[in-house]
Amino acid sequence: MILFGEKLRNFGLNNMPELPEVETIKSQLNRRIKGKRIKNVKVRLPKLVKYPLKKFKDLVRGVKIISISRRAKLLIIKLSNDYCLIIHLKLSGQLIFNGQISKHTHLIYYFTDKGRLLHNDLRQFGFVKVVPQDELADFFTKQGFGPEPLLKKFTLEVFKQRLLKRKKTKIKLLLMDQKFIAGIGNIYADEILFFAGVSPLRKTEMLKSLEIKKIFEGIKKILPEAIRKHGTSSRDYFDAYGKRGNYVPLIKVYQRENKPCFSCKTKIKRIKMANRSAHFCPKCQK
Ligand SMILES: [Zn+2]
């Protein structure tokens, strides 16, 4: 337990929910709120809702939740009136079923069976958009998201083809580029590159075929592992049950600056890359 405490203290910085965290919330909401009917909604922070407020309230009142899905880091709540709510949690958003209302609770959905869903957001960067279902495909086309990494059709061949189009980009930046591949952010890009033994600074044109294969395997291995652990909680991320994710003990490099590498004991390095940090082992990652 001491080890876990030490690890938690290292996580002073915040992490944005990435694919595993949003996927966790998606599955939990499907278990908890799918099929429920919204009685009404209370909006305590109007700027969170990117839709005329009165219309928003009228639109959700009395409708049923059909399903919850995910594209990239966005949640899509399909409603029975042929509209969808698109939710981005950004840096510190939370969707908690039957949680405790706090000063960071900006939106509350009350269901007809007395349950409620809270939308909390400390930093207030998140949003809720309303999109008619028949415009959903257009909405996502405009976002320009890259492929979903966990779909079967995202193969090594697809990954290679996409890399060829972005030869001059450093691999870590590319992994985090939502237009290149959807859902990966700072944590999992660092972890995938450690798994692959590839430095975040490498330009993609310099990667050997075997290294590309290892990065691809890292994507297909680490993201599902993190989903099974309900994601990574540093500070603000909680799942839909208000619980922390359990991936922290499995983290190898992210936010472990100056700590010994678990493989070779070399100190983990942190560098700045395009205003974000990259963490890596200078010995294990070439
Ligand atoms: Zn190492």
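Me: What makes the strands in the order β2-β3-β4-β8 an open sheet?
Reply: In this predicted model, 4 strands pair antiparallel in that order. Strands are DSSP runs of E with at least two residues, numbered from the N terminus. The edges are β2 (65-71) and β8 (127-132), each with a single partner strand, so one side of each lacks a neighbour in the sheet.

Me: Why is S92 called buried?
Reply: Buried means under 20% relative accessible area, exposed over 50%, and partly exposed in between, with a 1.4 Å probe and protein chains only. S92 has 2%, so it is buried. Its place is in the loop between β4 and β5 (93-97).

Me: What makes the link between the side chains of S92 and D121 a polar contact?
Reply: A polar contact is a pair of N or O atoms within 3.5 Å; within protein, one must be able to donate a hydrogen and the other to accept it, and residues adjacent in sequence count only if both atoms are side-chain atoms. The S92 and D121 side chains are joined at 2.8 Å, therefore within the cut-off.

Me: How are residues numbered, and which pLDDT limits apply?
Reply: Numbering starts from 1 along each chain as its sequence is written, and side-chain values use heavy atoms, leaving out hydrogens and water. Local features need pLDDT of at least 70 and side-chain atom pairs count only at pLDDT 80 or more, while totals for chains, interfaces and linings use all residues.

Notes. Two strands pair if DSSP finds at least two bridges between them.
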